[in-house]
Amino acid sequence: MASLRDIKSRITSTKKTSQITKAMQMVSASKWSRAEGNAKAFVPYMEKIQEVVASIASGSKNSSHPMLVSRPVKKTGYLVITSDRGLAGAYNSSVLRHTLQTINSRHKSQDEYAIIAIGRVGRDFFVNRNMNVALEIVGLSDQPSFSDISDLAKSAVGLFSQGTYDELYMYYNHYVSAIQQDVTETKLLPLTDIQPSGKLTSYEFEPSAEEILEVLLPQYAESLIYGALLDGKASEHAARMTAMKNATDNAAELIDSLSLVYNRARQAAITQEITEIVGGAAALE
Amino acid sequence: MKTVKVSIVTPDGPVYDAEVEMVSTKAKSGELGILPGHIPLVAPLEIAAVRLKNGGQTEYIAVNGGFLEVRPDVVTILAQSAEQAESIDLARAQAAKARAEKRLQDKQDNIDATRAELALQRAVNRIAIAEKKY
């Protein structure tokens with residue numbers, strides 16, 4: 001059995017750890033509520049742009065804008081959103097595992113895909129495996145603004161237009177609730193699944209539908225990336241909050257059981273002392 | 001006077017939301033003025049000012065491209081960024097202008113030149129609006 005002092009020091013260190021995890025939990029909770037607010041603020045923009053894109057794209061059926069047309073796939077792009085830091089439970093590992101499995105099952109050689117990594121954990125993961133990372137961005141703030149990501153989004157869409165890859169998938173954790181985040185795969189480009197959302201307005205186009213699509217579609221694709229990033233950030237903070245809550249709970253449990261062991265050991269020591277004193281006194285008689 | 005609802009929305013959230021009598025701005029195809037009851041219209045915008053007239057007063061908003069969607073009762077402007085005149089940081093805009101001008105003079109490769117050009121346009125637009133030179 002461990003000595004009293006050993007147990008005591010384990011209890012103290014567990015307590016200190018739980019103070020840290022508790023603090024991290026509270027920090028994540030406040031970041032999470034802000035991230036959720038950001039994701040909500042983005043919704044009106046997304047809905048509006050979706051509505052306009054849908055009504056223009058479905059209005060001009062024969063439009064041959066390159067971003068709307070599927071072409072033979074020679075190379076696939078994967079945009080993976082992870083966090084910069086760990087300690088967020090299964091947040092990063094689940095999305096990375098999913099992506100890696102998909103890539104391994106779909107492609108045989110390095111030349112068939114390119115990875116766009118958002119977040120340090122994902123970047124390091126793919127670089128360590130010598131996979132083809134075409135673009136990367138690390139060190140995004142916890143509340144990213146559109147300008148932080150616009151360069152990357154522009155290049156990601158640009159690579160598609162230049163024909164570097166012929167389709168682009170996005171992998172990220174979709175935020176469902178504070179305790180549930182689902183790994184999601186979305187096909188970003190080409191934009192084949194634009195569904196008209198109910199009411200369609202027939203617009204006049206100034207100057208022409210084609211020229212508007214020229215401006216609108218890249219902007220739409222870029223905002224989809226930004227939307228996924230906001231979604232991912234909300235998930236990240238929620239995941240970290242849950243992970244830290246679990247850590248704090250586990251620490252409390254550990255402290256309870258260690259205290260029990262400690263008290264038992266202390267009792268045993270006292271009992272032994274009494275027995276020794278009584279034994280000593282009996283020997284004197 | 002009749003009014004039309006205007007909302008300016010960016011990825012970082014709504015910037016402006018109010019009733020106005022007239023919206024005028026610069027579209028890719030030229031100056032554009034919208035009064036209430038306009039037919040549905042979509043037009044891409046230049047990096048320019050959006051002028052919102054209401055009760056003899058005019059408000060200016062710096063819009064960084066994007067596009068304008070008009071319906072009879074509502075005008076929506078979707079841009080990647082937009083700032084009201086009051087919230088423009090003049091010092092920052094001037095710094096951005098100087099930076100862009102320097103980049104243009106250095107003349108590196110083409111992509112950088114286009115980007116610097118755009119950055120310069122944005123900065124000039126912001127400065128003009130902050131100083132109300134329109």
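**Figure 1. Chain A from end to end.** Chain A has five helices and six strands. This is a predicted model, so keep that in mind for every view here. With a radius of gyration of 28 Å, against the 19 Å that the globule rule gives for 285 residues, chain A is more spread out than a compact globule. You can see that in the spans of its C-alpha trace along the principal axes, about 115 × 40 × 30 Å. As for the inside, 33% of the 285 residues in chain A are buried. Take the contacts in chain A between residues at least 6 apart in sequence, and 78% of them link residues at least 24 apart.

**Figure 2. A β-α-β unit in chain A.** Zoom in on β2(A), helix α3 (residues 120–128) of chain A and β3(A), and you have a right-handed β-α-β unit. Its two strands, β2 (residues 113–118) and β3 (residues 133–137) of chain A, run parallel and are joined by four bridges. For a landmark, look for Ile116(A), which sits opposite Leu135(A) in β3(A).

**Figure 3. Where chain A meets chain B.** Here 25 residues of chain A are in contact with 22 residues of chain B. On the chain A side, the elements giving two or more residues are α1 (4–59), α4 (146–162), β6 (204–205) and α5 (209–284). The top contributor to that side is α1(A), with eight residues. Sorted by class, the side of chain A that touches chain B has 15 nonpolar, seven polar and three charged residues.

**Figure 4. Strand pairing across the two chains.** β6(A) pairs with strand β5 (residues 41–44) of chain B, in the parallel sense and over two bridges. To find the spot, pick out Phe205(A), whose bridge partner in β5(B) is Val42(B).

**Figure 5. The two domains of chain B.** Eight residues of domain 1 of chain B are in contact with six residues of domain 2 of chain B. On the domain 1 side, β6 (48–54) and β7 (57–63) of chain B are the elements that each give two or more residues. That side of domain 1 of chain B, the one touching domain 2, comes out as six nonpolar, one polar and one charged residues.

Key. Residues are numbered from 1 along each chain as its sequence is written. Chains are lettered from A and ligands numbered from 1 in the order in which they are written. This is a predicted model: local features need pLDDT of at least 70, side-chain atom pairs count only at pLDDT 80 or more; totals for chains, interfaces and linings use all residues. The radius of gyration is taken over C-alpha atoms; the globule rule is 2.2 Å times the number of residues to the power 0.38. A residue is buried if 20 or more other C-beta atoms lie within 10 Å of its own, exposed if 12 or fewer, and partly exposed in between; C-beta atoms are placed from the backbone. Two residues are in contact if their C-beta atoms, placed from the backbone, lie within 7 Å. Ala, Val, Leu, Ile, Met, Phe, Trp, Tyr, Cys and Pro count as nonpolar, Asp, Glu, Lys and Arg as charged, and the others, Gly among them, as polar. Two strands pair if DSSP finds at least two bridges between them. A crossover is right-handed if, with the strands pointing away from the viewer, the path from the first strand over the helix to the second runs clockwise.
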